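Please have your viewer ready.

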Amino acid sequence: MSFLVGVLVLVVGLVVSIALHEVGHLVPAKRFGVKVTEYFVGFGPTLWSRRRGETEYGVKAVPLGGYVRMIGMYPPAREGATVRRRRDGRPTLVEEAREFSLAEVGPGDEHRTFSSLSVPKKLVVMLGGPVMNLLIAAVLIAVVLVGFGVPAYTSTLGNVQECLTTEAAECTDADPAAPGALAGLEPGDTVVSWAGRPVETWDDVRAAIADSGTAPARVVVERDGTERTVTVTAALTERPVVVDGEVRTGADGRPLTEAQPFVGIAPTAALVRQPLSAVPGRVAESVGATFGVVLTLPQRLVDIAQAAFGDEERDASVVGLVGVGRFAGEIASLEGDSYGVAERTADMLSLLASLNLALFVFNLLPLLPLDGGHVAGALWEGLRRRVAAWRGRPDPGPVDVARLLPLTYVVLAVMVAMSLLLAYADIVRPVTLSG
């Protein structure tokens with residue numbers, strides 16, 4: 001049941017994200033005077049709709065997208081241009097699309113079409129959707145970082161080793177006591193200061209131990225709401241060399257070791273709240289990582305196909321909606337004493353933020369029918385007009401994106417094939433949070 005609840009939460013979050021994406025198109029379009037006839041979330045049969053003014057708002061059965069219908073998406077053919085026909089006299093696919101688009105333009109609506117907008121206004125309308133997804137992701141990331149925090153090691157002790165490291169599975173009477181246990185440290189103690197140095201994080205504790213060496217250090221800990229002071233004398237032992245969280249290895253591949261002060265304590269992990277100033281950096285980092293995945297998507301899809309139909313290892317960085325749904329179900333159903341409501345909520349919000357970042361980046365691809373395709377068309381239109389003005393030539397008018405309709409269907413076919421491949425891979429070679 002918990003698994004299904006997680007999937008349901010994801011579906012609701014995805015539908016809300018799609019709805020807000022379309023609002024990002026709807027609001028500026030109406031603001032600029034474009035006639036919007038439909039605003040729908042989903043595709044397929046209509047489940048509910050209501051007309052307000054000139055726009056019909058509604059929800060359709062398949063929540064895999066949405067759309068805002070603006071009249072005159074395709075400009076009329078240039079005056080004097082030859083209208084191409086099939087051999088049987090019927091209009092071509094491009095001309096059919098153009099005629100359908102023009103049929104929506106009623107008397108007096110000629111200046112309320114999308115194609116009649118200036119280039120800057122077209123950019124605002126088409127970028128409104130992706131930017132909305134970016135804003136949603138930024139808000140969710142801010143809520144996670146500031147409201148819940150990120151998993152990090154704290155200065156609270158989770159384990160106190162009883163004896164110095166030995167090859168035996170359990171400590172024996174012959175093994176010397178570990179310095180932390182000998183000093184009286186206990187699991188659950190929160191280190192307040194070490195050798196006179198105040199500490200707040202586990203990194204602070206490690207740095208204080210390293211700086212104190214093997215000299216006796218006065219350590220203040222909080223236990224059951226009361227501060228206690230103990231004296232810890234670290235032992236010098238051979239420990240792996242760790243730099244930036246990674247164990248250094250030698251030429252033979254074995255871990256490098258060196259004599260280091262050793263106390264025999266380990267931290268607990270918990271959600272640590274971050275300052276608001278950490279949000280922009282995290283958003284930029286996440287956007288950059290998402291761009292990196294999308295730009296290398298063709299090769300990743302090849303790897304996923306080899307994994308789905310062969311024995312190659314599955315790329316865990318790209319999953320489809322089935323995989324994302326599995327993530328949501330696992331977040332809701334995973335059990336563990338240290339994985340409570342706060343952790344589940346933070347992970348679910350992070351998952352929705354990742355989805356919105358993916359929608360933001362993917363929709364910026366300069367391919368129709370994606371928003372980025374219309375953005376590219378508007379930029380090309382602006383460039384053509386600027387060049388024509390420099391050369392003293394007449395305004396070339398709007399870019400005829402209708403001529404790209406055959407390519408649009410190719411892109412749609414590729415997107416459908418990609419979705420089916422990811423769905424199949426998510427079923428036969430699933431990626432799970434538990435590994």
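Which residues make a nonpolar surface patch of about 520 Å²? The patch is made by Met 1, Phe 3, Leu 4, Val 5 and Val 9. A patch here takes residues with over 30% relative accessible area and no salt bridge, joining nonpolar side chains (Val, Leu, Ile, Met, Phe, Trp, Tyr) within 5 Å and like charges within 9 Å. The areas come from the Shrake-Rupley method with a 1.4 Å probe, and for residues only the protein chains shown count as cover.

Before going further, a word on the source: this is a predicted model, in which local features need pLDDT of at least 70 and side-chain atom pairs count only at pLDDT 80 or more, while totals for chains, interfaces and linings use all residues. Residues are numbered from 1 along each chain as its sequence is written, and side-chain values use heavy atoms, with hydrogens and water left out.

**From the patch to the interior**

Val 5, one of the patch residues, lies in helix 1 (residues 2–31). Helices (H or I, at least four residues) and strands (E, at least two) are DSSP runs, numbered from the N terminus. With a relative accessibility of 43%, Val 5 counts as partly exposed; the scale calls a residue buried under 20%, exposed over 50% and partly exposed in between, using a 1.4 Å probe and protein chains only.

Asn 133, in helix 3 (residues 119–148), is buried, its relative accessible area being 0%. Leaving aside residues up to four places away in sequence, Asn 133 touches Ser 17, His 21, Asn 356, Leu 359 and Phe 360, where contact means heavy atoms within 4.5 Å.

The largest nonpolar core has 49 residues, and Leu 10, Met 70, Phe 114, Val 125 and Leu 351 have the most contacts inside it. Such a core is a set of buried Ala, Val, Leu, Ile, Met, Phe, Trp, Tyr and Cys residues joined through side-chain atoms within 4.5 Å. Among the elements that give two or more residues to this core are helix 1, strand 1 (36–52), strand 2 (55–70), helix 9 (341–363) and helix 10 (371–390). Helix 3 gives the most, with 11 residues.

A second, separate core has 19 residues, including Val 160, Ala 183, Val 191 and Val 199.

**Charged pairs**

Side chains of opposite charge can pair when their charged atoms come close. With a salt bridge defined as a side-chain nitrogen of Lys or Arg within 4 Å of a carboxyl oxygen of Asp or Glu, the count comes to 13. Three of them are set out below.

| Pair | Closest N to O distance |
|---|---|
| Asp 315 and Arg 300 | 3.2 Å |
| Arg 385 and Glu 381 | 3.0 Å |

Glu 104 lies in the loop between helix 2 (93–103) and helix 3, and Arg 69 in strand 2, so this pair ties together parts that are 35 residues apart in sequence. Glu 104 is partly exposed at 23%, and Arg 69 is partly exposed at 28%.

Asp 315 forms its salt bridge with Arg 300, and this pair links distant parts of the chain: Asp 315 is in the loop between helix 7 (297–309) and helix 8, Arg 300 is in helix 7, and 15 residues separate them. Asp 315 is buried at 17%, whereas Arg 300 is partly exposed at 22%.

Arg 385 and Glu 381 both lie in helix 10, four residues apart, about one turn of the helix. Arg 385 is partly exposed at 25%, while Glu 381 is buried at 1%. Salt bridges that share partners join Lys 122, Glu 381, Arg 385 and Asp 395 into one network.

**Annotated spans**

The unreviewed UniProt entry annotates residues 123–148, 348–368 and 404–425 as "transmembrane region"; positions follow the numbering used here, feature names are shortened, and annotations may be inferred rather than shown by experiment. In the model, residues 123–148 are 100% helix and 0% strand, with end C-alpha atoms 36 Å apart. Residues 348–368 are 76% helix and 0% strand, and their end C-alpha atoms are 31 Å apart.

Ala 174 lies in the loop between strand 3 (150–160) and helix 4 (179–183) and counts as exposed at 71% relative accessibility. The C-alpha atoms of Ala 174 and Met 418 are separated by 62 Å, with the two residues 244 apart along the chain.
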